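Colleague: I would like to go through this model with you, one question at a time. Please keep the answers plain.

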Amino acid sequence: MRYEPRAACRLATLGFTQVYDYVPGKVDWLARNQPVEGTDADTPTIGRHLRHEVTTARPDELIAQVRARVARSAHRFSLVTTADGILLGRLRAAVLDDTDPTRAAGEVMEAGPSTLRPHEPTAAIKDRLVGKGLTYAIVADPDGRLLGTVHPGDL
Amino acid sequence: MTAVLYPALRRLLDDGAQLVEVLPVGEYTEMHLPGAVNIPLKTLDAATTAGLDRSRPVVLYCWDAL
């Protein structure tokens with residue numbers, strides 16, 4: 001049972017008139033990679049190891065344009081986002097290499113790729129990535145906003 | 001009481017809202033939002049809330065929405 005509604009009632013009886021309930025609580029705060037205080041504040045999480053130099057593309061961009069930017073980047077993939085950073089899909093290397101360059105990114109992207117939250121523990125995520133032979137994972141906040149990528153070699 | 005999500009929480013904090021964690025002290029000690037005070041639900045009364053400013057918004061939180 002949630003504590004806040006009862007706490008709010010008690011505050012009201014004590015004369016507090018401006019009471020709010022941050023419903024999603026600490027989990028939501030952590031999942032947005034926000035700082036915390038306390039004895040466990042320094043627990044290693046993947047949010048501390050994000051890479052931000054991800055090549056992004058808009059859904060209406062031509063594959064040719066995206067391919068050129070990826071070729072100049074450190075990675076072989078691109079992530080498709082809205083203008084305000086909401087993750088829409090992914091363009092893997094094979095798609096970028098083999099797709100008609102005149103097609104739009106949104107037409108050929110892998111929609112809704114799996115994402116991790118930044119507060120997930122470093123050791124467990126490293127084990128998972130290595131165990132599955134993955135070279136990176138995508139990290140996003142609860143609203144789907146792209147935060148970056150995490151790579152096993154960095155963890 | 002008004003339920004809020006993260007964007008509204010940010011605005012409230014910018015306006016000087018007071019954060020209150022209502023979980024037991026052990027959980028607060030381990031990890032809490034920056035600047036939050038701890039008033040566990042079982043201890044919430046006139047004495048434990050005396051440090052809160054009634055003229056400023058109070059935002060309550062615990063672990064999650066469940």
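Modeller: A helix here is a DSSP run of H or I with at least four residues, and helices are numbered from the N terminus. Bear in mind that this is a predicted model.

Colleague: In which helix is Pro5(A) found?

Modeller: Helix H1 of chain A covers residues 4-13. Position 5 falls in that range, and Pro5(A) is found in helix H1.

Colleague: Is Pro5(A) buried, partly exposed or exposed?

Modeller: Buried means under 20% relative accessible area and exposed means over 50%. Pro5(A) has a relative accessible area of 34%, so Pro5(A) is partly exposed.

Colleague: How many Å apart in space are Pro5(A) and Val23(A)?

Modeller: In sequence, Pro5(A) and Val23(A) are 18 residues apart. From C-alpha to C-alpha, the distance in space is 9.9 Å.

Colleague: Is Asp21(A) buried or exposed?

Modeller: Asp21(A) lies in strand S1 of chain A, residues 19-22. Its contacts include Arg2(A) and Glu4(A), and also Met1(B), Thr2(B) and Leu60(B). With a relative accessible area of 2%, which is under the 20% cut-off, Asp21(A) is therefore buried.

Colleague: Which residues of chain B does Tyr22(A) touch?

Modeller: Leaving out residues up to four places away in sequence, Tyr22(A) touches Arg2(A), Glu4(A), Asp28(A) and Trp29(A) in chain A. In chain B, Tyr22(A) touches Val4(B), Leu5(B), Tyr6(B), Leu9(B), Leu33(B), Val59(B), Leu60(B) and Tyr61(B).

Colleague: What is the phi of Asn33(A), and where is Asn33(A) placed?

Modeller: Asn33(A) counts as partly exposed, because its relative accessibility is 32%. Although Asn33(A) is not a glycine, its phi is positive, at about 60 degrees. Its place is in the loop between H2 and strand S2 (56-57) of chain A.

Colleague: How much space lies in the largest pocket?

Modeller: The lining of the largest pocket has 13 residues, with Arg90(A), Leu129(A), Leu134(A), Tyr136(A) and Ala137(A) nearest its centre. By class, that lining holds six nonpolar, three polar and four charged residues. Helix H6 (122-131) and strand S6 (137-140) of chain A each supply at least two of the lining residues. The space in the largest pocket is about 340 Å³.

Colleague: How much space lies in the second largest pocket?

Modeller: Its lining has 15 residues, of which Leu30(A), Val36(A), Ala41(A), Thr43(A) and Thr45(A) lie nearest the centre. Eight of the lining residues are nonpolar, five polar and two charged. The second largest pocket holds about 280 Å³.

Colleague: Which residues of chain B does UniProt list for "domain: Rhodanese"?

Modeller: The listed span is 16% helix and 20% strand, and its end C-alpha atoms are 18 Å apart. According to the UniProt record, an unreviewed entry, the "domain: Rhodanese" residues of chain B are 13-63.

Conventions
Residues are numbered from 1 along each chain as its sequence is written. Chains are lettered from A and ligands numbered from 1 in the order in which they are written. This is a predicted model: local features need pLDDT of at least 70, side-chain atom pairs count only at pLDDT 80 or more; totals for chains, interfaces and linings use all residues. Side-chain values use heavy atoms; hydrogens and water are left out. Contact means heavy atoms within 4.5 Å. On a 1 Å grid over the protein atoms alone, a cavity is a set of points where a 1.4 Å probe fits but cannot get out, and a pocket is an open set with protein on both sides within 12 Å along at least five of seven lines; lining residues have an atom within 4 Å of a point. Grid points are joined across faces, edges and corners, and a volume is the space filled by probe spheres set on the points. Ala, Val, Leu, Ile, Met, Phe, Trp, Tyr, Cys and Pro count as nonpolar, Asp, Glu, Lys and Arg as charged, and the others, Gly among them, as polar. Buried means under 20% relative accessible area, exposed over 50%, partly exposed in between (1.4 Å probe, protein chains only). UniProt positions are given in the numbering used here, feature names are shortened, and annotations may be inferred rather than shown by experiment.
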